[in-house]
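Please find my notes on this entry below.

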Amino acid sequence: MTGPAGSLRRIDKLIQEFRRRAGMTQQQAAELAGVSLAGLRDLEQGRVAKPRVATLRRLATALALSADETDELIGLSLNTQIPGYDLWVQVLGPLSAQVAGAAVDPGSARRRMLLGLLALAPNEPVARDSLLEWLWDSEPPETAVALLQTDVSRLRRRLLPRKPDASANRLVIATQSGYQLTLGDQQLDLLAFRKLASAAAESRKQGDLVGACEQFKQAVNLWRGEPLTNLPALRVHPATVALGRERQALVLDYASTAGELGRHSEVLPFLRDVAESDPLHENIHAALMIALAGSGQQAAALSVFTDLRNRLATELGADPGHELAQAHQRVLRHDLTRSEQPATATRAHRQLPRDIADFTGRETELSVLQARAARNAEHHTATTIANIVGMAGVGKTRLAVRLAHQLLAAGKYGDQQLYVDLHGHAPQPPADPNTVLASFLHLLDVPGDQIPQDLDSRAALYRDRLHGKNALVLLDNAATAEQVLPLLPAGATHLVLVTSRRTLALDGTHTLPLDVLSPTDAKALLVQIVGPQRVNAEPTGARDVVELCGRLPLAVALVAHRLQARPAWRFEDLALRLHEASDRMSELAAGTRRVRAAFDLSYQALTTEAQTVFRLLGLHPGEDFTAASTAALAGHTPTHTRRVLDHLVDEHLVMVTNGDRYRLHDLLKDYARDLISAEDIGYRRKALRRLLRWFSHSAVAARARLLPDDPLLLPAWSEGAEHLPIFANEDAAFRWLEAESATLVSALPAALEHGLPGAAWRLSVALQAHFRFTSDRSVWLDVAKTGLAAARAAENKQGEGWTLNDLGVAYAETGDMDRAAELFAESIAIRTELGELQTLGRVLGNSAIVHAFKDEFATAISEFERAREIARDVGDVFFEIGVVNNLGETYQRAGRYDEAIAQFREGIAMSDKAGHTRNRALSLHGLGSALARLGHHSEAMEPLREAIDIHHRAKSRADEAETLQTLGNVLRELGDEAGAIGCWEQALTLLEQIAHSRAAEVRKLLDNAVLSA
């Protein structure tokens, strides 16, 4: 069962316990009971959902069980109302549900309310009208009954196992008047609480005060706060209010029983909790006073009386009642049952590893963890649990140890410190929590013959021994949440630090993902180990070494220790060695410690499929990747691959950057590349070809959406065309190209290296669509050159024509008009030879623009007119509008402004008819510029502002900046110097973002404007 550890017993574990106590083997017990050996094994391994009562009675006789033990065994069987799976529902605190140990989300807020309402009245019908009233706040819609039926059906499915048997249908049943939730006391904490409360009352009645105290403690430990705290609407429900009174009554009975034994201190935390929830409850406060005084805290007990007396007078105008006054007199007279065994200080077992002198940085993380611990201890009753997670070598353990020692130095958690390495990522198997608990109990002074055998009992005794203490527990290198859960103490006085390379699903845990060091902290670590003199003597070399280590603390520390042991080494020499090493991982070592060894343990813990995907990521070009591109690389579907990537993220071998993008730490990428290099070369080539062809198909599709009238033929090959991204509009295509541009640029040389020149030149041409909108000239020229080389390597004339044109545009953008004209001429010759009129027209247009910039206006106008004829012949309206605009620009450069204005007005009309907003913006800019040249500055304002708005929405930063510059010039002419400066500042910001060569020109405008102001 997934239930309150240590408070309820499982039938399989109970049978095992009784058999071992009797000193029998399974074979012996089976023979004596007259059952088969296989049947007994099934019982002890929990594979029998509902054991037969007759079988259990025979076992009870064979094992010489008492009448009470026999009744308990049979009762556990009868109470399993829904056999076949483990369900655990909790209402004594936030509503939660678990199936087979895994948390289950009931669904919508209304379904959570429904589960809460049914669980407040287990095994009893809840009227439909009552459900409707609470679920819809007294105003249910006309369809409420149908919606309630749907919610019940969906809730039932959420709470069932994957393969429910027929009996599971009795979980949520429809009654004549409503619905009923059918559960046993091993499936609902409320029923478990009531069963334990009843048992405690019976034990007290029979005079077994010690047994009663244990049962009271188990019952009250089921409470995790106020009932249904995550369902605020149900806090005023009569059943919820009544539950609070049940808890108060039980705590009072517990306090009275414990007081008779002199065990006052063990009830103090529970009395404080209920007193805080009901600050005017006199009987609770009276019990709290007795418990405090009985624990030797007479002053605190008297303070409770004084505070409550003042509150009663202020808020109710009343005096303390008889019970409170009597408790006050008992405290004053010391009329209390003292503890049978005087409290003695428990020997503090300081199990923490030593702190290290060269620990540096992490000040923010330490502050966050300290604040969290302080806040939780002050405001909560639950144990503070901090889970520090991160990749291998990032310093999780060192951070946890440093925090622990800082807290101890500050006088906190001084009663007990426990430490264990759980071997979550180690050569040996993960530590068994049962064994760990035995070790902890030994340290807590429990004699070996008194340490229970089963896990639940050990965990209960462990929590009991830590109860009331200020304990710090460091669970290092955890493997799973299941490994950690039994090792968690209970109570707000404790702090648990868990470190793990994987994200653990632990309720109520503060998870701190630990990243690599900041540049400042990484340098400080170098200084700490190597010394400030050597680091300060070579600041550049030291910085390079840190970055080549990926700022991973383990890697930085190892190379620092190597340098420390080699005084003759220089940082620059080590940086060069790391940079040029074919196997950088082997260089990151000192003595017997190696970064590779730490990574090996993380890698070996993966599933076979996750290992395969991780290795393949060593081939992925670029700094980051997506589930879709990884799917193409691995040959899977994106949905399946995303699950594998999520697993790698949980193991901290892959990082999520934003949205659906992931990346590998630099050192992990080297590690993955080393692993994949050992694979068959054919396997590696096939995987990479799949990815590169997928990128090629996707990039061409994005380009087609951005430039629908400037077609680029899709690749002839079909491989890689599966699971392509869908571009619903231009914005989606632009965003995909923008996000993938760096990866696509990195893919170009990889495509050439692996014999895919066709993919390479198509990637190059597709990227021009991205560069055209962003004007990223820092890489545009290199990409265009690589694309041309790829087309020629493929001996593809069409590709050569495309890439010659693109390279010409790139040179023109950098201002090399002569080289651009030569390339356009070569492209024109190839396009003419191939008879590709549509693409020929575009090259002619580009060539004409270059001639216009060279003031060769006659040649430019002639080529524009030829290009326009081609556009009309092939019906390419989009391109024709572009030619009209460029012809207007040429007339304007030639000083023929009236002809320019006529061209731009024609371009606007054609754009409006065809619905081409970007061409309209270009025409508007040209019109505004020409009007300004003629001195019509006021008239130029409207078209320029409209053009800016269109360019901004299209994210065409270069065009927006150019139009802003023109508008600034117009505003200056109109005497609005401030407005002009504002336009130029916006333009400069845009141009600097894309590293545009025109930024210097605009900066000069601004400088002159400031000087003249």
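1. Overall make-up. The protein has 46 helices and 16 strands. Keep in mind that this is a predicted model. Of its 1013 residues, 51% count as buried. The exposed surface comes to about 44900 Å². Carbon and sulfur atoms supply 50% of that area.

2. Contact range. Take the contacts between residues at least 6 apart in sequence. Of these, 67% join residues at least 24 apart.

3. Three strands form an open sheet here, in the order 4-6-5. The pairing is antiparallel. Which strands sit at the edges? They are strand 4 (126-127) and strand 5 (172-174), and each pairs on one side only.

4. Pairings inside that sheet. Strand 5 and strand 6 (residues 178-181) are antiparallel and share three bridges. Ile173 has Gln180 in strand 6 as its bridge partner. A hairpin of three residues links strand 5 to strand 6. As background, strands of a sheet pair through backbone hydrogen bonds, either parallel or antiparallel.

5. The helix over that sheet. Helix 6 (residues 109-119) lies across strand 4, strand 5 and strand 6. Its angle to strand 6 is about 75 degrees.

6. Strand 15 and strand 16 (residues 661-663) run antiparallel and are joined by three bridges. Val656 stands opposite Tyr662 in strand 16.

7. Helix 13 against helix 15. For reference, two packed helices are described by the angle between their axes and the distance between the axes. The axes of helix 13 (residues 282-294) and helix 15 (residues 322-333) come within 8 Å. They cross at roughly 10 degrees. Angles under 35 degrees count as roughly parallel, so helix 13 is roughly parallel to helix 15. On the helix 13 side, the contact uses Glu282, Asn283, His285, Ala286, Met289, Ile290 and Ala293. Helix 15 answers with Glu323, Leu324, Ala327, His328, Arg330 and Val331. By class, the residues of this contact divide into seven nonpolar, three polar and three charged.

8. Helix 29 against helix 30. How do the axes of helix 29 (residues 627-634) and helix 30 (residues 638-650) lie, and at what angle? They are 8 Å apart, and the helices pack at about 100 degrees. The range 65 to 115 degrees counts as roughly perpendicular, so helix 29 is roughly perpendicular to helix 30. Ala627, Ala628, Thr630 and Ala631 in helix 29 meet Pro638, Thr641, Arg642 and Leu645 in helix 30. That contact has five nonpolar, two polar and one charged residues.

9. Glu365. This residue is in helix 16 (residues 363-379). Is Glu365 buried or exposed? Its relative accessible area is 17%. Buried means under 20%, so Glu365 is buried. Leaving out residues up to four places away in sequence, Glu365 touches Leu399, Leu512 and Leu514. A charged residue with these leucine contacts is a place to look at in the viewer.

10. Leu887. This residue is found in helix 40 (residues 877-893). Leu887 touches Ile861, Phe864 and Gln903, not counting residues up to four places away in sequence. Leu887 and Ala848 lie 39 residues apart in sequence. In space they are 8.8 Å apart, C-alpha to C-alpha.

Key. Residues numbered from 1 in each chain as written. Predicted model: local features only at pLDDT ≥ 70, side-chain atom pairs only at ≥ 80, totals over all residues. Heavy atoms only, no water. Helix = DSSP H or I, 4+ residues; strand = E, 2+ residues; numbered from the N terminus. Buried < 20%, exposed > 50% of the residue type's maximum accessible area, 1.4 Å probe, protein only. Contact = heavy atoms within 4.5 Å. Pairing = 2+ DSSP bridges. Axes fitted to C-alpha atoms, helices over the stretch in contact; angles between N-to-C directions. Parallel < 35°, antiparallel > 145°, perpendicular 65-115°, else oblique. Areas by Shrake-Rupley, 256 points an atom, 1.4 Å probe, with all protein chains shown as cover.
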